[in-house]
Amino acid sequence: MKYFAIVMQLLRDRVLFLEEIRQGIKLKSKILGLLISSSAFFAIYGAIIGASSTWKQAIMSAIKLPAFYLITVIICFPTLYFFNVMFGSKRSFEQYLTLLITAVTFISVLLFAFAPVSLFFLISTYDYNFFKLLNVAIFALTGFLGVSFLYQGMNFLSEEDTNGLKIRNQILRFWLVLYGFVGCQLGWTLRPFFGDPDQPFSVFRNRGSNFYLNILEGIAHLFQNGRY
């Protein structure tokens, strides 16, 4: 329960939490607690979106969703850290990592808050495309809020570290776009997360098509059926 207490500290007083990161207070315990808590929240949401197919898919999605966010961090973090250090930042490796994992945890909490909504539509509707698009919208919203939190947190850390601040802000904006593209591509590579009832269970699927085309096809399918 002490790990989840770290999350509650974040939710109750984000400014104090960010100040502790800026001061370098208990960073290792924060990283561990946030990783464990966020993995649990992601696993619960993953199980829900996978449950529209089979119990096997529910278990696999509960494993893959936390892995997806963790791998995205591993891929994108070096770019964020080294570019900021190159252009004047004095913050440590642990400070940047703690802040990034804090933003990911923020996303996991938002997804957990949406879990009852997703579960309701899982139970009450049999339209897979609608269920998939609903959850993609939830992922987009929570991702946007998480990225906004990260942007604010980076600026907070830089208040006392102004050397090269302008170019670091430009790098941060570019990095946030890069993070989004990497996340979309990685999600497509690791799919399926959603349990398509018309598809047999599989750990991974063929890489044909792409994420954006698949979403457009799902929207077109809904309107072609004349339901929305």
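## Charged and aromatic contacts

Y45 is buried, at a relative accessible area of 0%. Here buried means under 20% relative accessible area, exposed means over 50%, and partly exposed is in between (1.4 Å probe, protein chains only). This is a predicted model, in which local features need pLDDT of at least 70, side-chain atom pairs count only at pLDDT 80 or more, and totals for chains, interfaces and linings use all residues. Residues are numbered from 1 along each chain as its sequence is written, and side-chain values use heavy atoms, with hydrogens and water left out.

**Aromatic pairs**

The structure holds 16 aromatic pairs. Rings of Phe, Tyr and Trp (its six-membered ring) pair if their centres lie within 6.5 Å; planes under 30 degrees apart count as stacked, over 60 as edge-to-face and the rest as tilted. Y45 and F139 are edge-to-face, because their planes stand at 80° with ring centres 5.5 Å apart. Y45 lies in helix α3 and F139 in helix α6, so this pair ties together parts 94 residues apart in sequence. Helices (H or I, at least four residues) and strands (E, at least two) are DSSP runs, numbered from the N terminus. F139 also counts as buried, at 18% relative accessibility.

Y81 and Y96 are edge-to-face too, 5.9 Å centre to centre and 70° between the planes. Y81 belongs to helix α4 (residues 55-86) and Y96 to helix α5 (residues 93-124), so the pair ties together parts 15 residues apart in sequence. One aromatic cluster takes in F77, Y81, F82, F93 and Y96.

**Salt bridges**

The structure holds 4 salt bridges. The term means a side-chain nitrogen of Lys or Arg within 4 Å of a carboxyl oxygen of Asp or Glu. The table lists some of them.

| Pair | N to O distance |
|---|---|
| E19 and R22 | 2.5 Å |
| K30 and E20 | 2.6 Å |
| R22 and E159 | 3.1 Å |

R22 in helix α2 and E159 in the loop between α6 (128-157) and α7 (165-190) are 137 residues apart. Shared partners join E19, R22 and E159 into one network. R22 counts as buried at 8% relative accessibility. E159 is exposed at 51%, and E19 is partly exposed at 23%.

**Charges over rings**

A charge sits over a ring if NZ of Lys or CZ of Arg is within 6 Å of the ring centre and within 35 degrees of the ring normal. R22 lies over the face of F156, 4.1 Å from the ring centre. The charged end of R191 sits over the ring of W188, at 3.7 Å from its centre.
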